[in-house]
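Dear colleague,

Please find the structure below, together with its sequence.

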Amino acid sequence: MMAHHHLASAPDTVRFGMFDAAFDPVLTVNSGDSVTFECVSGGVEVMPPPGSPYAVPTALRAIHDSNPARIGPHILTGPVAIAGAEPGDMLEVRIEAVEPNNDWGYCAVRPLAGTLPEDFPDRYVSHIAVDRARGVCKPDWGPELPLAPFFGTMGVAPPAKYGRLSSREPREHGGNMDNKELVAGSTLYLPVWVSGANFSVGDGHGRQGDGEVCVNALEMGLTGTFTFVLHKAADAGAFAWPRAETPTHDILMGFNEDLDLAMKQALRQTIDFITARSALTRVQAYQFCSLAVDFRVTQTVNGEKGVHALLRKGLLF
């Protein structure tokens, strides 16, 4: 029988800025189960100052007060193990719902980071009001903008040989992909690298533009519900990188410190995807990509830059 679970962010259910195959799961579920994650976001350096109208959530303050070990910038809730998952399997992550759980978020520029660090060398933090009822946010300095919430970081444990990784760079386990297409109603597919898969999530974004050029989106607390479906190796199909789908598009991704190489990886992933599902040859698939597939810059700020391909459903299969 499928079950629903709830996991709140707390000092004993989060890791600050790291993925590691050695982390023990904080929860184990079965394939077909769903989990609601209550996630928080942000280190002490980006919290509202004293006297601000914005309150630091109790759960986030408790995490800060616990002085957790930290490598990267993201508070990740989990990991959650899926019973029976083994290396070579595929984990299907259905994103059922994503909702803001706070009335503010932040966007920060920090020294030596972002797409133009030489132009913007000073720290600048904006705290941005969020109207959850109306589904909008408004910076003090700019126009009202609609919310489009999604989790910037979703991933399984990386291969054990990598050891402990910063959450900053997206890799074959997923992680900090910052793909704004992964809203409620979309599905993420992740290759499994360790027993249990060990899924973690965080880095809530109230909205983001492709590129995420200044390093941050609207960073904020989100609550998300996910259904996990395990596909065993024999049924999973051979793939070693994250991919996704929305109701209208299949999404293939590439990550590399060189944006050109990230583009090439996303293109090769798309060609592989097309030829595995159609009678097209590789050169025909290559031409089809040029005719009909949109390649977008996902982000340029995570060390490993991202490109994602959007293949509209129904054009080919």
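Just after helix H1, Asn67 adopts a positive phi of about 50°. Please note that this is a predicted model, in which local features need pLDDT of at least 70 and side-chain atom pairs count only at pLDDT 80 or more, while totals for chains, interfaces and linings use all residues. Residues are numbered from 1 along each chain as its sequence is written, and side-chain values use heavy atoms, with hydrogens and water left out.

Helices (H or I, at least four residues) and strands (E, at least two) are DSSP runs, numbered from the N terminus. H1 spans residues 58-65, and within H1 Leu60, Ile63 and His64 are buried. These residues lie on the same side of H1 because they cover an arc of only 100° around the axis; the arc is that of the directions from the helix axis to the C-beta atoms. Thr58 and Asp65, on the other side of H1, are exposed. Here buried means under 20% relative accessible area and exposed over 50%, with partly exposed in between (1.4 Å probe, protein chains only). The cover over the buried residues of H1 includes strand E2 (14-16) and strand E6 (75-82), where contact means heavy atoms within 4.5 Å.

Two strands pair if DSSP finds at least two bridges between them. Leu76 stands opposite Gly202 in E16. Strand E12 (residues 150-155) is joined to E16 by 5 bridges, and these strands run antiparallel. Gly155 has Ser200 in E16 as its bridge partner. E16 (residues 199-205) is mostly covered, with 7 of its 7 residues buried.

Yours sincerely
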